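Work through the exercises below with the structure in view. Try each task before you read its solution.

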Amino acid sequence: MVSIKPEENEDLTAQLRDPVTVRSAFSKVVRLYSEPLYWQIRRMVGSHDDANDILQNTFLKAWGSLENFRGEAKLSTWLYKIAVNESLSFLEREKRRDAVSLDSDETPSYVRALYADDSVDGAALQQKLMRAIASLPEKQRIVFNMKYFDDMKYEQMSEILGTSVGALKASFHLATKKIEQYIGNCD
Amino acid sequence: MVKHIGNILEEGREKGFAKPSAGLKVPDGYFESFCERMEAALPARPELESPEAVAEAQRPHTLWQKVRPYVYMAAMFAGVWCMLQIFTGLSNSGGLQPMQDNAVMANALSNDEFMRDYIFDDVNSWDLLDEMMEDGSLDSDSAWDAFFSEDTPAGQTETVSAEYILPQ
């Protein structure tokens, strides 16, 4: 997770409010946050192409509603919120399209996408871990990814997801239990 | 032997699996080209980017725009007050004026035709006589002479003229 200093965040926010510097400041935002947002989205939706589309939509939505960003929250929190919502909407549409129930043995499309192309590499353990993570319910997967891969603090996750810190800790704990069970069944 | 999940996650961290990009690849130069493509794709927003448009939006309000919220609030309170006045007036109008102050009622009651048509339409004269004799308004002898003649069969209901009913 990209973390910029509070004064840098304030500077950037001020530049976003100035009509003279708004576009250049937003370009700076894109350069700062495109990569971390991409990985967050990619781990949710699986496919690079889908992640690319969602990332573009995220920034377009942010640009379109820039006047709604009042600077009370951090810029990163605001962007992550948009990215998570876009990803969840995408997954919801995919779910309806696939008509896959949660209890089904059918592999969800995002998992197929994750392994369909050659954009996955790594050791067997890593692959096993990724499959285990992919088997988690959406919300737990988001929480696990944010905690394990982005090393995000629970307080920030709470702001992004609108869930209490306690619920997030419980969700992460459940996620690790499920991963343990998945890997245990594989071995 | 199944490793405990905590060990697996720790092992993953040590091996660098806990990075956001771990296990996933992107096309070469993707992020650089993405930034350029994104900057080009941002639509124009004159309300944000044009200093003139921003200044126009931030221009001080006219006098009407400044006082409008207070005018609306005053109108709201005035409306509530009017409604209260109406409801209070309706509830007070249920009471009738005292008879001695009610000239309209007094005129109506002194009109024989009105009394005949609207008040004493079906007054039973026998019941009336009984009441008047009971309360002493009339004694039995004068009642007989005043109200009955040889032509009036006993028990027949007669229309009683108002002049015999109302106190003189």
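**Exercise 1. Confidence in chain B**

Which element of chain B has the lowest mean pLDDT, and which the highest?

*Solution.* Step one: compare the elements of chain B. Helix α9(B), residues 140-147, comes out lowest, with a mean pLDDT of 59. At the other end, α2(B) has the highest mean, 92. Remember that this is a predicted model.

Step two: take chain B as a whole. Its mean pLDDT is 74, and 67% of its residues reach 70 or more.

Step four: turn to the complex. The predictor assigns an ipTM of 0.74 and a pTM of 0.60.

**Exercise 2. The side of chain B that touches chain A**

How many residues of each chain take part in the contact between chain A and chain B?

*Solution.* Step one: count. Chain B brings 28 residues, and chain A brings 36.

Step two: locate the helices of chain B. At least two residues each come from α1 (5-14), α2 (30-41), α3 (46-49) and α4 (51-58) of chain B. The largest share is that of α2(B), with six residues.

Step three: sort by class. This side of chain B has 19 nonpolar, four polar and five charged residues.

**Exercise 3. The make-up of chain A**

How many helices and how many strands are there in chain A?

*Solution.* Step one: list the elements. Chain A has nine helices and zero strands.

Step two: check burial. Chain A has 187 residues, and 34% of them count as buried.

Step three: look at contacts in chain A between residues at least 6 apart in sequence. Of these, 64% join residues at least 24 apart.

**Exercise 4. A helix pair in chain A**

At roughly what angle do the axes of α1(A) and α2(A) cross?

*Solution.* Step one: recall the description. Two packed helices are described by the angle and the distance between their axes.

Step two: apply it. Helix α1(A) covers residues 6-17, and helix α2(A) covers residues 22-45. Their axes come within 7 Å and cross at roughly 140°. Therefore α1(A) is oblique to α2(A).

The crossing of α1(A) and α2(A) is left-handed.

Step four: name the residues that meet. From α1(A) come A:Leu12, A:Gln15 and A:Leu16. They meet A:Val22, A:Ala25, A:Phe26, A:Lys28 and A:Val29 in α2(A). By class, this contact has six nonpolar, one polar and one charged residues.

Definitions and conventions. Residues numbered from 1 in each chain as written. Chains lettered and ligands numbered in written order. Predicted model: local features only at pLDDT ≥ 70, side-chain atom pairs only at ≥ 80, totals over all residues. Axes fitted to C-alpha atoms, helices over the stretch in contact; angles between N-to-C directions. Helix = DSSP H or I, 4+ residues; strand = E, 2+ residues; numbered from the N terminus. Parallel < 35°, antiparallel > 145°, perpendicular 65-115°, else oblique. Left-handed = near helix turned anticlockwise from the far one by under 90°. Contact = placed C-beta atoms within 7 Å. Nonpolar A, V, L, I, M, F, W, Y, C, P; charged D, E, K, R; others polar. Buried ≥ 20, exposed ≤ 12 C-beta atoms within 10 Å, placed from the backbone. pLDDT = per-residue confidence, 0-100.
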